[in-house]
Amino acid sequence: MAAEKFDAVVVGSGQGGNPLALAFARSGRKTAVIERAEVGGTCVNTGCTPTKTMVSNAEIAHDVRRAADFGIHVGSISVDMAAIRARKREVVERFRSGSQSQIDDTDNVELIRGTARFTGRKVLNVSLKDGGTREIEADTIVLDTGTRSRVPPIPGLDLVPYLDNASVMELDTLPSHLLVVGGGYVGLEFAQMFCRFGSQVTIVQRSDQLLTREDPDIAEDVANILREDGITVLLNADLKRVDAAQGGGVRAVIEAPDGNRTLDVSHLLLAVGRVPNTDALNLEAAGVETDEHGYIKVNDRLETSASGIYAIGDVKGGPAFTHISYDDFRVLRTTLIEGGQASIKDRMVPYVVFIDPQLARIGMSETEARKAGHRVQIAKMSMSRVARAIETGNTRGAIKAVVDADNQQVLGFTILGVDGGELMSLVQVAMMGRLPYTALRDGIFAHPTLAEAVNNLFLNVEDAERVAPSTRRVV
């Protein structure tokens, strides 16, 4: 049987694939979207949307508990995990159905539910969700298959129940003690969330700091905040094995600098990274190359080693953020549909970790700037010096900027502070416009807003060559 012919096929309906398929269709191309699970990808179904919804629940629980600090007295509170899960599901369904409706309401695009694999250079075989198969061919194929949680080789793991970023949000009862393996963005968001719901929480991190991409001083600030919240943070620690605990739960043997310890916990959450969903694609049949970890190799225009086949989003490696996936869509829309020139080379990558206070960064850290050979100046200021933070009772954290000493350009900006993502975005716009740091230092910002914090921050630019990070003053 001859393969069905399409002009374009997008495998995966994530935050880059879905809008790209719609753009292909609206340009008059006969388009297919192949989706093996739910429309919307990781972000809508198991990533940004559900986690930030539940983070907001946890923030309310935290604010109610500290209401007395503001002279507001309330009774004891209880947490209903089933109701929290129901709210999360409702928000996810709202976003998911919106994405689905866009496909349904657009001409020239067909949603095919099934799992795709290459059988030739431009041919895909789809095992349909409802049974049967379809053979599909297209001149342009875009892969947006995303990633999934990595399961580390821990002895005994196959004998005990464990959670990942998706299943942990389906709990309808509160863990009495949650062990989080991994001190990255995902692990920290869930650790603080469940601590605020009322769980005892322990984090096990193999390296000597949390958030290994951040400067050590920022990572230390984060660890101190989590410990202040009541979370046990074990650094330079390794989960050596797990067994079933008596009475249920998991017994964990942890190797730490002060010796081995055994913990009996009710729940185990694995947050030790992601792996690409490429193993089922049979990429060799299409001539698509991957790296040693299975991520698809692409050039600056997102084309793979096979002409006419592209990869976007997390499956190609690099920063795994929704806004990066969406920018990938914009690059391909420009080059494949509008006939323009676009590239992912040297693009800025902002991100926010939704712990409280938020951790947000744009551009280089101090460590990265030094490795790149820049002569840098540093400005760092405690959030306790920000008027708006004091007024709202949110003074935890700090702000840090990295400045190029030779041209006064802001190389990077990090904030661990209330609404940090919003303030980071302000500095990002200044960096996009290549404004010198003095423009932020001398700008007029409304009082009292968080934005005016950059005035005081950039009043305190110091020569980093003269001041070691461990002794640098925080004003």
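Mentor: In helix H6, the residues Asp217, Ile218, Ala219, Val222, Ala223, Ile225 and Leu226 are buried. Buried here means under 20% relative accessible area, exposed means over 50%, and partly exposed lies in between, with a 1.4 Å probe and protein chains only. Helices (H or I, at least four residues) and strands (E, at least two) are DSSP runs numbered from the N terminus. The model is predicted, and local features need pLDDT of at least 70, side-chain atom pairs count only at pLDDT 80 or more, and totals for chains, interfaces and linings use all residues. Residues are numbered from 1 along each chain as its sequence is written, and side-chain values use heavy atoms, with hydrogens and water left out.

An α-helix has 3.6 residues a turn, so residues three or four places apart point the same way. Helix H6 covers residues 216-228, and its 13 residues should span 18 Å at 1.5 Å a residue; the end C-alpha atoms are 18 Å apart, which agrees. The expected span is 1.5 Å times one less than the number of residues. After H6 comes Gly230, with a positive phi near 105°.

I turn next to the sheets. Strands of a sheet pair through backbone hydrogen bonds, either parallel or antiparallel. An open sheet of 4 strands has the order E9-E8-E7-E13, with parallel pairing. Its edges are strand E9 (232-234) and strand E13 (267-270); each has a single partner strand, so one side of each is left without a neighbour in the sheet. From one strand to the next, the twist averages 15°. Axes are lines fitted to C-alpha atoms, for helices over the stretch in contact, and angles run from 0 to 180 degrees between N-to-C directions. Strand E7 (residues 177-181) is joined to strand E8 (residues 200-204) by 5 bridges, and the two run parallel. Within E8, Gln200 stands opposite His177. Helix H5 (residues 185-197) lies across E7, E8 and E13, at about 160° to E8; contact means heavy atoms within 4.5 Å.

A further open sheet has 3 strands in the order E10-E11-E12, with antiparallel pairing. Here strand E10 (238-244) and strand E12 (259-265) stand at the edges, and each has a single partner strand, so one side of each lacks a neighbour in the sheet. Neighbouring strands are turned by 20° against each other on average, direction ignored. Strand E11 (residues 250-256) and E12 run antiparallel and are joined by 7 bridges; Arg251 stands opposite Asp264 in E12.

Aromatic contacts follow. Rings of Phe, Tyr and Trp (its six-membered ring) pair if their centres lie within 6.5 Å, with planes under 30 degrees apart counted as stacked, over 60 as edge-to-face and the rest as tilted. By this rule there are 5 aromatic pairs. One of them is the stacked pair of Phe321 and Tyr351, at 5.3 Å centre to centre with 10° between the planes. Phe321 lies in the loop between strand E15 (309-311) and helix H7 (322-337), and Tyr351 in strand E16 (residues 351-353), so the pair ties together parts that are 30 residues apart in sequence. Phe321 is buried, with a relative accessible area of 15%, and Tyr351 is buried at 2%. Together with Tyr185, these residues form one aromatic cluster.

Most residues other than glycine have a negative phi, and most peptide bonds are trans. Asn108, which is not a glycine, has a positive phi of about 75°; Asn108 lies in the loop between helix H4 (81-104) and strand E3 (109-120) and is partly exposed, with a relative accessible area of 41%. Asp419 likewise has a positive phi, near 50°, and is placed in the loop between strand E20 (410-417) and helix H10 (420-432). Asp419 is partly exposed, with a relative accessible area of 38%. Asp356 and Pro357 are joined by a cis peptide bond with omega about 5°, and Pro357 lies in the loop between E16 and strand E17 (358-363). The peptide bond from His447 to Pro448 is also cis, with omega near -5°; Pro448 lies in the loop between helix H11 (437-442) and helix H12 (453-457).

Methods. Pairing = 2+ DSSP bridges.
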